[in-house]
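User: I'd like to go through the aromatic side chains in this model, then some of the helices. Here it is.
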Amino acid sequence: MSPRAGNAGPHTLAFVESPVQLLNVLEWAHAHAPGVGLTLVVLSPVDPMTRGQLRRMSDLARDEGHQVRWEEARGGPLAPFQTIGGLTGPLRRARRVVLGDPFSRYVQLLLTITRARDLVVVDDGTATMEFVGQLARGERLVRWHRKGGRPGPRDVVFAPVSASARRRLTPGDRRRIEIFSSMPMEETPAGVTVSANAFAWTRARFGPPRITKGADMVGTSLVETGVVDDGRYLEAVHALARAHGATRYFAHRRESTDKLHRLAVETGLEIVRPELPLELIARRGPIGRTILSFPSTVVHTLPLALSGTEVRVAVCDIDPSWLTENASPRAQGFLSGVTGTARDVHRLSPAAPVPPQGPPHPGTAEPADPTGPAGTARLTASPPPPGLPGPAGTPGAVAAG
């Protein structure tokens with residue numbers, strides 16, 4: 001056990017369901033509870049890639065001296081009852097509960113059991129921005145890409161639990177609420193303490209990275225969540241890769257194998273399945289001098305994780321024509337807000353032509369941050385004409401998840 005963390009005990013209990021949540025729990029512990037171990041409960045999903053990243057992140061947590069409790073929370077019809085039954089005692093004893101996804105039905109159920117006076121919400125990506133706004137406005141907790149749709153039967157049945165969770169996440173005389181985030185907060189709920197996640201643990205633990213001359217691209221699961229049309233997405237990736245000379249595509253853990261295979265064949269990009277959250281992958285390196293992304297969490301987190309390096313993160317907006325018919329009416333505004341609130345964002349005209357295939361054009365992106373190289377730039381890409389050949393080179397292989 002690391003002497004930095006001391007003995008893990010029952011006083012602080014953390015629940016995570018994704019690698020990013022686990023990373024942000026480690027960041028919170030580094031910033032706010034140095035020398036104090038916590039018990040970290042992994043509510044394991046069924047997705048193999050997510051499970052693999054969680055296993056590796058759990059090893060890092062143990063290296064920091066924290067106790068990790070792995071729960072097969074979705075391992076069959078009886079698994080939820082067994083998981084919740086086994087956690088009832090620790091939940092009632094815990095003085096502080098740290099959680100990564102207040103929209104999770106699993107977490108909302110667990111909140112109805114705990115008596116903890118201190119609740120901490122760490123980032124679960126851009127969804128944290130929506131959670132804070134909904135909490136401030138007293139709205140029911142609904143994920144942004146589902147907002148505007150009609151509640152399904154399960155939503156109706158679960159509504160009392162969700163309402164109870166929202167009440168427990170509201171500060172009062174007997175409860176303190178903290179939000180630990182790298183996301184911008186336009187609306188802060190009254191009485192809630194907000195503290196900044198600067199990725200200090202990540203920078204102290206890894207890097208600085210070796211920086212290559214080319215560009216890398218970050219994938220998104222907007223197709224898998226039904227927000228963006230898959231054909232439009234492939235065209236946009238193709239256009240960005242050609243315009244900026246990207247050679248690698250870091251897949252989101254939720255991207256489908258079929259879509260990634262099409263990307264590899266049609267664009268020539270090497271598809272990389274990261275074994276850790278991208279903030280750690282980028283910090284360890286090697287990483288391209290330019291990182292291309294669509295609106296996502298990384299436009300806020302990577303500039304922090306890569307602070308002090310020469311890496312620039314460039315953001316491509318989601319064109320409204322890329323959205324599916326089933327996309328939430330909230331989707332376009334939310335995605336625009338994700339990009340528009342990123343630090344040191346520079347925008348190009350939406351009508352800007354895509355440069356020809358070849359090395360990155362010197363005028364493609366303006367310097368992101370005049371005072372520091374790890375800022376963010378904003379780019380706009382137009383889909384290539386139908387039938388346009390992809391970049392030269394051998395298509396990258398899709399690694400097994």
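User: Are W201 and F206 buried or exposed?
Analyst: Both W201 and F206 are buried. Keep in mind that this is a predicted model.
User: How many aromatic pairs does the structure hold?
Analyst: There are four. W201 and F206 form an edge-to-face pair, with 6.0 Å from centre to centre and 85° between the planes. F294 and W322 form another edge-to-face pair, at 6.3 Å centre to centre and 80° between the planes.
User: What does the pair of F294 and W322 tie together?
Analyst: F294 sits in the loop between strand 11 (287-293) and helix 11, and W322 in the loop between strand 12 (312-316) and helix 12 (331-340), so the pair ties together parts that are 28 residues apart in sequence.
User: Why does F294 count as buried?
Analyst: Because its relative accessibility is 1%, and the cut-off for buried is under 20%. W322 is buried too, with a relative accessible area of 1%.
User: Which residues do ring pairs link into a cluster with F294?
Analyst: Y233 and W322.
User: And what is F294 in contact with, leaving aside its neighbours within four places in sequence?
Analyst: The contacts of F294 are V218, T220, Y233, A236, V237, L240, V299, V315, C316, I318 and W322.
User: Switching to charges over rings. Where does R55 lie?
Analyst: R55 lies over the face of W70, 3.6 Å from the ring centre.
User: Now helices. At what angle do helix 8 and helix 9 pack?
Analyst: Helix 8 (residues 230-244) and helix 9 (residues 257-267) pack at about 40°, and their axes are 10 Å apart. That angle makes helix 8 oblique to helix 9.
User: Is the crossing of helix 8 and helix 9 left-handed or right-handed?
Analyst: The crossing is right-handed.
User: Which residues meet there, in helix 8 and in helix 9?
Analyst: On the helix 8 side they are D230, Y233, L234, V237 and H238. On the helix 9 side they are K259, R262, L263, E266 and T267. Y233 also belongs to the ring cluster with F294 and W322, and both Y233 and V237 are among the contacts of F294.
User: Last one, helix 11. Which of its residues are buried?
Analyst: V298, V299, H300, T301, L302, P303, L304 and A305. That is eight of the eight residues in helix 11 (residues 298-305), so the helix is largely enclosed by the rest of the structure.

Key: Residues numbered from 1 in each chain as written. Predicted model: local features only at pLDDT ≥ 70, side-chain atom pairs only at ≥ 80, totals over all residues. Heavy atoms only, no water. Buried < 20%, exposed > 50% of the residue type's maximum accessible area, 1.4 Å probe, protein only. Helix = DSSP H or I, 4+ residues; strand = E, 2+ residues; numbered from the N terminus. Phe/Tyr/Trp six-rings, centres within 6.5 Å; stacked < 30°, edge-to-face > 60°. Lys NZ or Arg CZ within 6 Å of the ring centre and 35° of its normal. Contact = heavy atoms within 4.5 Å. Axes fitted to C-alpha atoms, helices over the stretch in contact; angles between N-to-C directions. Parallel < 35°, antiparallel > 145°, perpendicular 65-115°, else oblique. Left-handed = near helix turned anticlockwise from the far one by under 90°.
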